[in-house]
Amino acid sequence: ETTGTNLPAGYDVRVEGKGVGLLQPIAANGSVTFPGLIPQSYFVRLRNVPGNCTVAGPTPRTIVVTAGLLAATTFTVTC
C-alpha cells in the first residue's frame, strides 16, 4: 500500500525472494496483492519514484510470509 500527499499517478512494486521476482504496477494511494507466495523472506521495493519525492523508511524492505498468513508493508511517499 502507498500513502502520502501530492503523489504521481503510480509506481511499480517489486517482490524478490529465493526463486521469485515479481513486478506489479500500483496506483498512488493504492494497494497490490501478490498471490501464491510461499513462506519465506522477501524484499519489497517501491520503484519509479520521481526524483522530487521521498519514501519514508527503507526501500527495499524485508517482509516475512509465514505458512497460512499474509504479510504487508506500507510505503509513505512525500512529493
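This is a predicted model: local features need pLDDT of at least 70, side-chain atom pairs count only at pLDDT 80 or more; totals for chains, interfaces and linings use all residues.

Biologist: Which residues touch the most other members of the largest nonpolar core?

Modeller: In soluble globular proteins, nonpolar side chains tend to be buried together. Here the largest nonpolar core has 14 residues, and those touching the most other members are Val77, Tyr11, Val13, Val44 and Leu46. At least two residues of this core come from each of strand 2 (10–17), strand 4 (40–47), strand 6 (61–65) and strand 7 (75–78).

Biologist: In what sense do strand 2 and strand 4 pair?

Modeller: In a regular strand the side chains alternate between the two faces of the sheet. Strand 2 and strand 4 pair in the antiparallel sense, over five bridges, and Glu16 stands opposite Phe43 in strand 4. Strand 4 also pairs with strand 6 in the antiparallel sense, over five bridges; there Tyr42 stands opposite Ile63.

Biologist: What is the volume of the largest pocket, and which residues are closest to its centre?

Modeller: The volume of the largest pocket is about 470 Å³. Its lining comprises 20 residues, of which Val32, Thr33, Phe34, Ala71 and Ala72 are the closest to the centre. Strand 2 and strand 6 are the elements that give two or more residues to this lining.

Biologist: How many residues of that lining are nonpolar, polar and charged?

Modeller: The lining divides into 15 nonpolar residues, four polar and one charged.

Definitions and conventions
Residues are numbered from 1 along each chain as its sequence is written. Side-chain values use heavy atoms; hydrogens and water are left out. A nonpolar core is a set of buried Ala, Val, Leu, Ile, Met, Phe, Trp, Tyr and Cys residues joined through side-chain atoms within 4.5 Å. Buried means under 20% relative accessible area, exposed over 50%, partly exposed in between (1.4 Å probe, protein chains only). Helices (H or I, at least four residues) and strands (E, at least two) are DSSP runs, numbered from the N terminus. On a 1 Å grid over the protein atoms alone, a cavity is a set of points where a 1.4 Å probe fits but cannot get out, and a pocket is an open set with protein on both sides within 12 Å along at least five of seven lines; lining residues have an atom within 4 Å of a point. Grid points are joined across faces, edges and corners, and a volume is the space filled by probe spheres set on the points. Ala, Val, Leu, Ile, Met, Phe, Trp, Tyr, Cys and Pro count as nonpolar, Asp, Glu, Lys and Arg as charged, and the others, Gly among them, as polar. Two strands pair if DSSP finds at least two bridges between them.
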